[in-house]
2 protein chains.
Amino acid sequence: MHFFSSNFKLGILGGGQLGKMLLYETRKWDIQTKVLDASNEAPCKIACNEFVLGSLLDFDTVYNFGKDVDVLTIEIENVNVDALEKLEQEGVKVYPPTKTLRTIQNKATQKLFYTDNDIPTSPFTRFAYTSEIEDSISNGGLQFPFVWKSAQFGYDGQGVKVVRKIEDLKGLPNLECIAEEMVDFKNELAVIVVRSTNGEVRTYPVVEMEFHPEANQVEYVICPARIEDSIAQKAVAVALKVSEHLEHIGLLAVELFQTKDNQILVNEVAPRPHNSGHCSIEASYTNQFEQHIRAILGLPLGKTNSKVAGVMVNLVGAEGHTGAVSYQNIDSILQMEGVTPHIYGKKQTRPFRKMGHVTIVDEDMNRARKVAQQVKETIKVISS
Amino acid sequence: MHFFSSNFKLGILGGGQLGKMLLYETRKWDIQTKVLDASNEAPCKIACNEFVLGSLLDFDTVYNFGKDVDVLTIEIENVNVDALEKLEQEGVKVYPPTKTLRTIQNKATQKLFYTDNDIPTSPFTRFAYTSEIEDSISNGGLQFPFVWKSAQFGYDGQGVKVVRKIEDLKGLPNLECIAEEMVDFKNELAVIVVRSTNGEVRTYPVVEMEFHPEANQVEYVICPARIEDSIAQKAVAVALKVSEHLEHIGLLAVELFQTKDNQILVNEVAPRPHNSGHCSIEASYTNQFEQHIRAILGLPLGKTNSKVAGVMVNLVGAEGHTGAVSYQNIDSILQMEGVTPHIYGKKQTRPFRKMGHVTIVDEDMNRARKVAQQVKETIKVISS
């Protein structure tokens, strides 16, 4: 059935801000949508044709939600995959496929997938329980420092910790996890690959995360990355290899490290629209959301080139501010050329909460980067 | 009150496809919206925060709708201006202002406004009733051919007719009207001017309507127009003069004729987002809908330059097709580079009904224009 048929229905698991941006595109093409989210204040509650309130992790909820849709996609990976598998068996088109989701959902499985397929990634050890790590250290199987990661999603935002000494292990939950060697990287890059139901594959230009020199936090996403062509080609080749072996459908954001000796290592992937692709809304011929829709509906893929250079700044809650949100100086940034704020619509701010993003586009990357810095120095997400 | 306050409410009169595109922008900035439309199937019914079903022409309906909004705007001119005036007097910010709307709503008043302000426009005569025209012809006051136009909006889509002989007057409704001299034009152009509550004014690049060589129908809107700089400057100057005297707030689309001897004449204006500005979604730094919102909320205006060249093709129902709509070969046009279809979501097609539009963007105008022709020759809006 064609997407513009009024009987066609696209299901989206998750009603957050990525879903909201997907809905701009479904509306542009008049695609009927149904969204599941656990929050009655989900940004997708309006703009979809049908909103269902319920848990993304509950088998029955997801299964019942998906039964009457033609194509089912996600805006967040942390969903009940068993229910998706049953739907898939019953003929619902689930993209990304559950096989892809299962590989990605468990970080140990994801890392094993890379090594099994000769995809470069940092060395790691899997542990059935965090408590096993201490033994491994004492018998010399593991050295400090390393990155501890919970294997399962959904562990309340605290799934990653840098461990430099034995005391750092204290307080970590005792569950399946991995210990990853720390990567001494020069750049953090990302490549978005799109793969459609009919096998067509395209990649977006490599983007670069620019870190704050002291705070070690990503400050800017730069599109295209300011790297040598040979490095960009290597990054794209690795991303394509991940894509090919994962057999995903739709977008796949591949996060990469460029090491000091110019190796490209896969950090992790997300099989959906991604923060690293937000610049595409203003900078690309085809934005990542439209592209995802094209891919999962089996339509020809769109041009992934950029019209102009883009820089993205995340809008996060300022430290020391918790409560009803206010966007200080938003008028001032609107005065800067080529600046587009995206406000996600969360009513409450708290320190570091992701409240929106701002894209800066310009013909000239240096100018875009300068304006991005002005944006960052000007706008502040505070409590009013 | 700032627009991102959850107590702020933007009212929109009209819930059609222009409103729908406005709502992408209100959602991007999390602006609370309330929409009035007479149809329960209005495209804006979803994606606004509050939808009210009712007539745009009924005083009480419009007045009651507008009482609790902070800013009230329109996506169609044909609304009850008396109700808007009362709301304006009571402190609601109505943009465009009712004064502007009154001047525009009556085509005789609009034409008088041009002549009163020394704005070039084609010669015309106003008649209180169509029946008076015959007298004027017989006493030599009016020559064939001329364009008959109903002064009032809302006369069921049949408000314009070319009159070449006395018989052509038959069947025309007997109401206030104008008879306009036919303009022998070389080009039909349009300039979108934006004017904000704080007086800031910007113009978009001049666009050109390219006509079918035989059918005398607009086939393509070309941005920027392929005209000499001196003509473009003249067109912009005339548009700015109209804008200044109309004292509108928000967008103003000024439709112009370039005569064979390179005069610029104003045809008519629309004080809202307009078909001639649709290319701005894909081609401009700031699309016309975001720009309208910036203007009416008193925010700094965005950059009106283009990132790339753009061509727009209207999608209208094919002749001989009435019924449930189907977009034949839409997949084929999605395969062409830089092509974005916009489907308005009307369920029924009929000959010449506006069902959507397609934008083609490219660095190179000639290439965009070629692809536009392929698009036009490929997609067909039919009944399924």
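Q: Which residues does B:Thr98 touch, not counting residues up to four places away in sequence?

A: Contact means heavy atoms within 4.5 Å. B:Thr98 touches B:Val81, B:Leu84, B:Glu85 and B:Glu88, with residues up to four places away in sequence not counted. The model is predicted: local features need pLDDT of at least 70, side-chain atom pairs count only at pLDDT 80 or more, and totals for chains, interfaces and linings use all residues. Residues are numbered from 1 along each chain as its sequence is written, chains are lettered from A and ligands numbered from 1 in the order in which they are written, and side-chain values use heavy atoms, leaving out hydrogens and water.

Q: In which helix does B:Thr98 lie, and is B:Thr98 buried or exposed?

A: Helices (H or I, at least four residues) and strands (E, at least two) are DSSP runs, numbered from the N terminus. B:Thr98 lies in helix α4 of chain B, residues 98-105. Buried means under 20% relative accessible area, exposed over 50%, and partly exposed in between (1.4 Å probe, protein chains only). B:Thr98 has a relative accessible area of 2%, so B:Thr98 is buried.

Q: What does B:Thr103 touch?

A: B:Thr103 also lies in helix α4 of chain B. B:Thr103 is buried, at 17% relative accessible area. Not counting residues up to four places away in sequence, B:Thr103 touches B:Thr109, B:Gln110, B:Phe113 and B:Leu246. Take B:Phe113, 10 residues from B:Thr103 along the chain: their C-alpha atoms are separated by 7.2 Å.

Q: At what angle do the axes of α4(B) and α5(B) cross?

A: Two packed helices are described by the angle between their axes and the distance between the axes. Axes are lines fitted to C-alpha atoms, for helices over the stretch in contact, and angles run from 0 to 180 degrees between N-to-C directions. The axes of α4(B) and helix α5 of chain B (residues 107-116) cross at roughly 105° and come within 5 Å. Angles under 35 degrees count as roughly parallel, over 145 as roughly antiparallel, 65 to 115 as roughly perpendicular and the rest as oblique. α4(B) and α5(B) are therefore roughly perpendicular to each other.

Q: Which residues make the contact of α4(B) and α5(B)?

A: From α4(B) come B:Arg102, B:Thr103, B:Ile104 and B:Gln105. From α5(B) come B:Lys107, B:Thr109, B:Gln110 and B:Phe113. They divide into two nonpolar, four polar and two charged. Ala, Val, Leu, Ile, Met, Phe, Trp, Tyr, Cys and Pro count as nonpolar, Asp, Glu, Lys and Arg as charged, and the others, Gly among them, as polar.

Q: How do α2 and α3 of chain B pack?

A: Helix α2 (residues 59-66) and helix α3 (residues 81-89) of chain B pack at an angle of about 30°, their axes 8 Å apart. That makes α2(B) roughly parallel to α3(B). The contact is made by B:Phe59, B:Val62, B:Tyr63 and B:Gly66 of α2(B) with B:Asp82, B:Ala83, B:Leu84, B:Lys86 and B:Leu87 of α3(B). Its residues divide into six nonpolar, one polar and two charged.

Q: Which residues of α2(B) are buried?

A: The buried residues of α2(B) are B:Val62, B:Tyr63, B:Phe65 and B:Gly66. Seen down the axis of α2(B), they fall within an arc of 165°, so they line one face of the helix. The arc is that of the directions from the helix axis to the C-beta atoms. What covers these buried residues includes β1 (10-13), β2 (33-37), β3 (50-53), β4 (71-74) and α3 of chain B.

Q: Where does A:Pro145 lie?

A: Most residues other than glycine have a negative phi, and most peptide bonds are trans. A cis bond joins A:Phe144 and A:Pro145, with omega about -15°. A:Pro145 lies in the loop between α6 (133-138) and β7 (146-150) of chain A. Another cis bond runs from A:Cys223 to A:Pro224, with omega near 0°. A:Pro224 lies in the loop between β13 (218-223) and α7 (229-246) of chain A.

Q: What is the phi of A:Asp118, and of A:Asn329?

A: A:Asp118 is not a glycine, yet has a positive phi of about 60°. A:Asp118 lies in the loop between α5 (107-116) and β6 (124-127) of chain A. At 61% relative accessibility, A:Asp118 counts as exposed. A:Asn329 has a positive phi near 70°. A:Asn329 lies in the loop between β17 (323-328) and α10 (330-334) of chain A. At 37% relative accessibility, A:Asn329 counts as partly exposed.
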